[in-house]
Amino acid sequence: MKTYNLNQIASIINGTLIGNGDEIINQIFFDSRMIVNPTHGIFFAFHGNQKDGHLYLQDAYQRGIRNFVVEKALTNLPHANFIEVENPLLALQNWAKIHRKQFHFPVIGITGSNGKTIVKEWLNQLLWKKFSIVRSPKSYNSQFGAALSVLQMEEKNDLGIFEAGISMPNEMQNLEEIIQPTIGVLTKIGEAHLENFKNQDELIEEKLKLFSNVEKLVFNIENEKVHQAIVESPYLAKINKYSYGYSDSATVQIKQIISNQTNTQISILHNQEEFTYSIPFIDDASIKNSLICLTTLISLNIDYKQLKNEFSQLLPIEMRLEIKEAINHSILINDTFNSDLNSLKIGLNVLNQQPRDKKSLVLTDILQSNLSDEDLYQQAADLVNPYHFDEIVLIGEKISQFKNLFQSYVRSFNSTEEFLEQFRHQNVDNEAILLKGARPFKLEKISNELETRSNDSVLEINLQHLIENINVYRSLLKPTTKLMCMVKANSYGTGSFEVANTLQNNGVDFLGVAIADEGKELREAGITVPIIVMNPEQSSYSTVIDYQLEPEIYSLRVLKLFIQKLQEKQISSPYPIHLKMETGMNRLGFHEDDFEELIAILKDNSHVYVRSIFTHLATADMPEEEDYARYQLNRFDNSYAAITTALNIKPIKHALNSPGIVAYGEHQYDMVRLGIGMYGYSEYTDFMEKYLKPVVRFKTVISQISEIEKGETVSYGRRFTAERHTKIATLPVGYADGIRRSLGYGIGKVGINGHLATITGTICMDMMMVDVTDIPCKEGDEVTIFGDSPTIADVTEWLGTIPYEVLTSVSQRIKRVYYKE
């Protein structure tokens, strides 16, 4: 990033400087958790719907930040410098706009519904040897991400590639002013964010605003709506247009596409010359994205014929970072999909959030950089050194030459195989390990050695979607309403620690577990956020106290026993408890006739204090039972008032669960409890389909495909008889993995290559069979048990049950894999 001083920044963003204007700035922070090396950094306190960056100024200061952009300066931070502005986000955007005007090299602006990041990364793979490229990190394409990306532009660069993403009308103009593209690229227009626009025409019109000042535009001429909108656009009429498609008028005319099992050969016609190239992909999206890249090369006056080999070696773009359980109580962060300084920085930030005292890094040669080796590995070391690793393993002939730049215990190896020859499992113990490197080094070999178990059946948990779903629910809450997230039953079967750690890092106020042992495991794993035990057993009170858990108290007997245990342990400070009110669920809780004795016990008691009072709605997910829900809420209001008035206290008040937040938001009180909703499921279907994203995907593979004749049978009991020549695929999962036997006999389905295959015959303990007669597939192909299609809702309907049961039934022998996009 180009260096500025505070005087310059204050002038650019029209802010009021308080402090030393000569301070040098070359780093931008917006999340206090990500601050590791604060030297020459500045913290922007963004004010969002649910999170106010001003609340984290003290934390940023304690982590070493001394320069801030704020709405109002603090007076209690010695030697801190502030720039006061009306809106820190607008200030950052204005800085980016001014910064962008200093550079006059080509800048490619990419927008569309799908494929933006892939096209950007493939262009980088194709052109990195010819240009010094600055590009958006990962998928930084929002109003905030685009500004951060543009501020990375430096004099050494001679090509920019930036994404622009929108979700609402009237957002693109500001992105155009930030990116100021000279070449526009429009990828596929699909259904993403269409719910916020009147129709697809309005979405296309908004997307095209990015290109209002470009010199050249790349697009798919086959999309009639896009083509028509470009032709009719007054500001696009005079620009140079570069199109691809089957039309004779396309700049790049598709002549033939031939795919086999591993790659695709594409023949095109340009300027009356035929050209054939291949890509190592066979899906339609990759084929079109490669055509976009080739057409963009032509717009840049690049001789695309010289890049034939580069097209054949294009790498898949994994836009996710996997977090897995590793051997000996360790955590493995697998980011072996990208190899550049930006992705290294992101991987280091994720590692830093893992609550492990011991941390290790495996880093390979960094490819696709035209920096000199000296500059490249000095910059890599500058990123790595502030994290103080216990051990760093360097793999590759080039990076090994610069091992002295890294300030930890460093070992270097020329190859992955050389490292594995000396690797011993016993040397790994209760640590967090980041694998970061380029694909040619095949770090998956190291990953396989470190993983706790390896099989083809996996439960994938998308932590990014989890965060986004939480933010959807937060948008329904007042800024002051606290959020409690339920992680009981191993986080609904998804894995308690990894989910809890993500929730803790995203600022939830409480976690909820069912029993004390669940809370104990979270504490031992490093979770520090308050944890409420919803059903503490009498035998677990010592565990509750020893691990600073907070019990739900639902009866006079439980209250007396817990106070007795506090006395036995000689706990002198008042201990937090949470009172459960019985209002109509008729499960657990204090009744009105308990109140007199309850108040008497608590009035003169120094052993406990009431941190919250709550109840649970029996019918929040049933619109037809609204009257009963409101009866419960009214009864709860009366109970809360009676207890708090008598005790002269005002503890946290809460009643709403996931469906309650949607249906009865006016009763959010002081806190809500979010459970199944954060995993992307809601009984309110319209809300779920419009706003929530699936978090969990259960997948496996096809073990074998057999062909049987009419009259032959499948599985135990011969409960499926073929009525024609039939192809049967056997999958390596069964009822021991959490697949209910009642899904057999033609009831349930699984997803294979975009089709639904019916489950046939009896589901076995470790296997199940599906009919793939009409589905193109082969052995080893991926199979979705539930996820995008079929969904958890589909499986729930087939079973006549609830999603909680589907999720919690998945066996622990199925490996959990966590990833962030």
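Glutamate 524 is exposed, with a relative accessible area of 52%, where exposed means over 50%, buried under 20% and partly exposed in between, for a 1.4 Å probe and protein chains only. This is a predicted model, in which local features need pLDDT of at least 70 and side-chain atom pairs count only at pLDDT 80 or more, while totals for chains, interfaces and linings use all residues. Residues are numbered from 1 along each chain as its sequence is written, and side-chain values use heavy atoms, with hydrogens and water left out.

**Strand 24 and its partners**

- Strand 24, which covers residues 482-486, is mostly covered, since four of its five residues are buried; strands (E, at least two residues) and helices (H or I, at least four) are DSSP runs numbered from the N terminus.
- Strand 24 runs parallel to strand 31 (residues 671-674) and is joined to it by four bridges, and two strands pair if DSSP finds at least two bridges between them.
- Within this pairing, lysine 482 stands opposite methionine 671 of strand 31.
- Three bridges link strand 24 to strand 25 (residues 510-513), also in parallel, and here cysteine 485 has leucine 511 as its bridge partner.

**The helix of glutamate 524**

- Glutamate 524 belongs to helix 19, which spans residues 516-524.

**Backbone features in loops**

- Arginine 718, in the loop between strand 34 (713-714) and strand 35 (720-721), has a positive phi of about 50° although it is not a glycine, and it counts as exposed at 57% relative accessibility.
- Asparagine 753 also has a positive phi of about 50° without being a glycine, but it counts as partly exposed because its relative accessibility is 42%.
- The peptide bond from serine 789 to proline 790 is cis, with omega near 0°, and proline 790 lies in the loop between strand 40 (782-786) and helix 26 (792-799).
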